[in-house]
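Here are my notes for you to read with the model open beside them. Take the points one by one and find each residue as you go.

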Amino acid sequence: EWATAMMNCGNAYRSRIRGDRAENIEQAIAANEQALTVMKREVMPFEWAGIMNNLAIAYYSRIRGDRAENIEQAIAACEQALMVRTQEAMPFEWAGTMNNLANTYHFRIRGNRAENIEQAIAANEQALTVMTCETMPVEWATIMNNLANAYHSRIRGNRAENIEQAITANEQALKVCTPESLPNDCRRTARGLGNLYFEQNRWAEATDSY
């Protein structure tokens, strides 16, 4: 019960609005690490994997410390969580962790940049096998946005084709992210789509998006 409370405390600190953001994240990391002293993989695998996923998000969001190292810690935590959170056993949790892994690879500093982007695209596409528009529309739209960003940043492949993939992903996300249902997400997605059209000198479409 103590470990569960520490895990919940970690989540609360990670989401906290008041106080110093950097300190809140440090508190979240510390609380989750304390929970791991009880919730070990050998005795509580599902809970352990949940904490590893929480740690991945916290390290990805961390302000203090070396940014490159924080990202590596986030990737490592995601990969450990995926040892338990398999697609067969825990499809929803697996997809959530794959989405987190995609984000960390997209912003990874170490390693080969082109390969990191490929890993991000692959992880997002795998998450979409579970998080579909019909079953989980909001999560699906978030991943489509992330996929658009990854294709926009892609180094490999044909540049024009990558931009078209990014445009398509953003356009699909806007089917869910409407001004009425998700105004902030709609604004962010429409702005990103407008920027993509702007890069292609597609002025009328860019104007509509903006």
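This is a predicted model: local features need pLDDT of at least 70, side-chain atom pairs count only at pLDDT 80 or more; totals for chains, interfaces and linings use all residues.

1. Tyr-210 sits in the segment after helix H10 (203-209), and it counts as exposed because its relative accessibility is 53%, with the cut-off for exposed being over 50%. Phe-198 is partly exposed at 45%, and Trp-203 is partly exposed at 45% too.

2. Now for the aromatic rings: how many aromatic pairs does the structure hold? There are 2. Tyr-60 and Phe-107 form a tilted one, 6.3 Å from centre to centre with 55° between the planes. This pair links distant parts of the chain, 47 residues apart: Tyr-60 is in helix H3 (residues 45-61), while Phe-107 is in the loop between helix H5 (91-106) and helix H6 (113-127). Both are partly exposed, Tyr-60 at 24% and Phe-107 at 45%.

3. On to charges. Side chains of opposite charge can pair when their charged atoms come close. The structure holds 12 salt bridges, and one of them joins Asp-66 to Arg-110 at 3.8 Å, N to O. Asp-66 is in the loop between H3 and H4 and Arg-110 is in the loop between H5 and H6, so this bridge ties together parts 44 residues apart in sequence.

4. Stay with Arg-110, which is partly exposed at 36%. Arg-110 also has a salt bridge with Glu-69, where the closest N and O atoms are 3.0 Å apart. Glu-69 belongs to helix H4, and the two partners are 41 residues apart.

5. Is Glu-72 buried or exposed? Glu-72, in helix H4 (residues 67-84), has a relative accessible area of 17%, so it is buried. Its side chain makes a polar contact of 2.7 Å with that of Arg-108. Beyond its neighbours within four places in sequence, Glu-72 touches Arg-108 and Arg-110.

6. One more bridge to find: Arg-154 and Glu-118 meet at 2.7 Å, N to O. Arg-154 lies in the loop between helix H7 (137-153) and helix H8 (159-173) and Glu-118 in helix H6, so parts 36 residues apart are tied together.

Terms used: Residues are numbered from 1 along each chain as its sequence is written. Side-chain values use heavy atoms; hydrogens and water are left out. Helices (H or I, at least four residues) and strands (E, at least two) are DSSP runs, numbered from the N terminus. Buried means under 20% relative accessible area, exposed over 50%, partly exposed in between (1.4 Å probe, protein chains only). A polar contact is a pair of N or O atoms within 3.5 Å; within protein, one must be able to donate a hydrogen and the other to accept it, and residues adjacent in sequence count only if both atoms are side-chain atoms. Contact means heavy atoms within 4.5 Å. Rings of Phe, Tyr and Trp (its six-membered ring) pair if their centres lie within 6.5 Å; planes under 30 degrees apart count as stacked, over 60 as edge-to-face and the rest as tilted. A salt bridge is a side-chain nitrogen of Lys or Arg within 4 Å of a carboxyl oxygen of Asp or Glu.
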